[in-house]
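Here are some notes for a colleague opening this entry for the first time. Please read them with the structure at hand.

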Amino acid sequence: MGESAAELYTTKADYAYLRVKELILSGQLAPGSVIAQAQLARDIGISTTPLREALRRLKSEGLVELDAHRDARVAPLAAEEARDLLELRRSLDPLAVALAAERRTRADIAAMRAAHEGLEPLPGNPAYEQLVAHRRFHAALYSASHNDLLIQTLDSLWDKADRYRRLALEVERGQAARDRKAAEHEALLEYVIAGDAESAAGVMREHIDTSLGAQAAWRLRKHQNPVGQDEVDA
């Protein structure tokens, strides 16, 4: 008799955590939406107890809100959080690739090349697997920094940032913009492999300043202050 999907994981709470996170990041559970816990538990084949444990874990990551009555909803998108994420990534991502250019090993280079192979700029309404592929490439770059605290910090930012990328992709990018991102990915790979820390950091700064996260921050800020002058650079 075959095992259920939940039984393939260490605990059912681990399985619930990964499934609910996937539903959130894929947009199937929309920002701000109420999570019907009993129905969701049935849908993914577990009881409500491991689901609640998973929701508490997702709350600690800022993806879910829980109130005193244990009602749950997906955390809404916020202009302030989008701005905070952008500010952190403007500082940390260039640092990470600069360090990667100085410290990358042969194994790191192989991982970066493998993650880059077949990578395409994110389309509108990307599948979860496409977000994962995008993350895999950037993680291969910053993991080559061999700075554990920096790697952990960027890992913790990534899931939150993916929700803002999806918001930005509601406005379809033109082919020129997609080609630009593909060229930046190629340049990042080449500069890190070549050991050119300054050029890698420069490309990454440009990559972040014109990123989907930057566009989402600008859209949310504009919506919040439609006639204001204090906008995030797109």
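The points below concern a predicted model and take up a pocket, a helix and a loop residue.

1. The pocket. The largest pocket holds about 180 Å³ of space. Its lining is made up of Ile24, Gly27, Ala30, Pro31, Leu77, Gly124, Asn125, Arg163, Arg166, Leu167, Leu169 and Glu170. By type, six of the lining residues are nonpolar, three are polar and three are charged.

2. Where the lining comes from. Helix α7, residues 148–168, gives the most to the lining of the largest pocket, with three residues.

3. The length of α8. Helix α8 covers residues 175–194, which is 20 residues. At 1.5 Å a residue it should span 28 Å, and its end C-alpha atoms are 28 Å apart, so the two values agree.

4. The buried residues of α8. Buried in this helix are Arg178, Lys181, Glu184, His185, Ala187, Leu188, Leu189, Val192 and Ile193. Residues three or four places apart in an α-helix point the same way, because there are 3.6 residues a turn.

5. After α8. Glycine 195 follows α8 and has a positive phi, near 80°.

6. Threonine 210. This residue sits in the loop between α9 and α10 (212–224). Is threonine 210 buried or exposed? Its relative accessible area is 17%, under the 20% cut-off, so threonine 210 counts as buried. Beyond its neighbours within four places in sequence, threonine 210 is in contact with Arg180, Lys181, Glu184 and Gln215. Lys181 and Glu184 are also among the buried residues of α8.

Methods:
Residues numbered from 1 in each chain as written. Predicted model: local features only at pLDDT ≥ 70, side-chain atom pairs only at ≥ 80, totals over all residues. Heavy atoms only, no water. 1 Å grid on protein atoms, 1.4 Å probe; cavity = no way out; pocket = protein on both sides within 12 Å on 5 of 7 lines; lining within 4 Å. Points joined across faces, edges and corners; volume = space filled by probe spheres on them. Helix = DSSP H or I, 4+ residues; strand = E, 2+ residues; numbered from the N terminus. Nonpolar A, V, L, I, M, F, W, Y, C, P; charged D, E, K, R; others polar. Expected span 1.5 Å × (residues − 1). Buried < 20%, exposed > 50% of the residue type's maximum accessible area, 1.4 Å probe, protein only. Contact = heavy atoms within 4.5 Å.
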